[in-house]
Amino acid sequence: MDNVRFRLQISLILLLIVILTGTLGFMKLEGLSLTDSIYFSVVTIATVGYGDITPRTEAGKFLALVLIITGVGTFLSVFANSADMLLNKREKELRKEKLNMVIGVFFSEVGTDLMKLFSTYDTTAEALRKDLIVTNDWSEKEFDSEGERLRHYDYRIDSTLADLNALRAFLQDKKELVLRLFENPYLLEHQSFTELLRAVLHLKEELLHRESLENLPAEDYKHLSGDIRRAYVLLVHEWLDYMGYLKKNYPYLFSLALRTNPFDRNASVIVK
């Protein structure tokens, strides 16, 4: 997209230079007014040629010839790059849509349940819960402001509160799904989600490589707390972004997401 935009900018600059050159040239060589000179330059470059204004001098005819040769190519370049830019924008939107489908699968199968688990290890979770009771009235601005606030939230994870065996079993059960998500060709376009999947897989590996998860040394619990925190932070941010996306694009999916909000203790899938 950036390459196409750069080419379009260069083409527009060249086109303006050609039009300006033609305008000044026709004013001097043909004695035309500013308006007629601009008009004649544009219709010449566009090869419209109404015939209402024609060059009378040899120099004017030569200038018109130069404008046709240089201007037509520049004009077509502007048109072609504009079309490429529109097509690339549409393609990018389609890729984003497909990626959001992948993110939706992740939260449906893994993410929401994982956040429920992680939040029980967060000793300051109550402060987080009250601000993440998303409602149908939230605006795009509210999603943005909450996302900014979360950047400064002090996530405090205590892995000694966790049932590490249950967490390991859950992550091991979801391993194949997470690995398949990595196969999606659009994944690299969403760095934060890619980092989230890496963090979840790393946590699974950490838990899986320990023969026992009982009575671990204090330093090991601290290490696991850091691994859980890394995945938790990325998970919460990605979840909030995804909720904003659903609110804007898929109200019926957003409705279900509200009724299964992992931070809302009163959430119920039953519509009341």
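Is Asn100 buried or exposed? Asn100 is buried, at a relative accessible area of 10%, where buried means under 20%, exposed over 50% and partly exposed in between, computed with a 1.4 Å probe on protein chains only.

Before I continue, a word on the basis of these values. This is a predicted model, in which local features need pLDDT of at least 70 and side-chain atom pairs count only at pLDDT 80 or more, whereas totals for chains, interfaces and linings use all residues. Residues are numbered from 1 along each chain as its sequence is written, and side-chain values use heavy atoms, with hydrogens and water left out.

Let me return to the residue in question. Asn100 is found in helix α3; helices here are DSSP runs of H or I with at least four residues, strands are runs of E with at least two, and both are numbered from the N terminus. Leaving aside neighbours within four places in sequence, Asn100 is in contact with Tyr242 and Tyr245, contact meaning heavy atoms within 4.5 Å.

Helix α3, residues 58-121, packs against helix α9, residues 218-249, at an angle of about 130°, and the axes are 9 Å apart. The axes are lines fitted to C-alpha atoms, for helices over the stretch in contact, and the angles run from 0 to 180 degrees between N-to-C directions. The angle makes α3 oblique to α9, since angles under 35 degrees count as roughly parallel, over 145 as roughly antiparallel, 65 to 115 as roughly perpendicular and the rest as oblique. The crossing of α3 past α9 is left-handed, that is, the near helix is turned anticlockwise from the far one by less than a right angle.

Which residues make this contact? On the α3 side they include Glu97, Asn100, Phe106, Phe107 and Tyr121, and on the α9 side Tyr232, Glu238, Trp239, Tyr242 and Tyr245 are among them. By class, the contact of α3 with α9 has 15 nonpolar, four polar and two charged residues. In this scheme Ala, Val, Leu, Ile, Met, Phe, Trp, Tyr, Cys and Pro count as nonpolar, Asp, Glu, Lys and Arg as charged, and the others, Gly among them, as polar.

I turn now to charge pairing. How many salt bridges does a search of the whole structure find? It finds 13, a salt bridge being a side-chain nitrogen of Lys or Arg within 4 Å of a carboxyl oxygen of Asp or Glu.

One of them pairs Arg265 with Glu126, with 2.6 Å between the closest N and O atoms. Arg265 lies in the segment after α10 (251-259) and Glu126 in helix α4 (residues 125-129), so this pair ties together parts 139 residues apart in sequence. Arg265 is exposed at 59% relative accessibility, while Glu126 is partly exposed at 47%.

Another salt bridge joins Asp154 and Arg156, at 2.6 Å from N to O. Asp154 is partly exposed at 38% relative accessibility, and Arg156 is partly exposed at 47%.

A further example is Glu195 with Arg198, whose closest N and O atoms are 2.8 Å apart. Both belong to helix α8 (residues 191-208), and because they are three residues apart, about one helical turn separates them. Glu195 is partly exposed at 32%, and Arg198 is partly exposed at 45%. Elsewhere, salt bridges that share partners link Glu126, Arg129 and Arg265 into one network.
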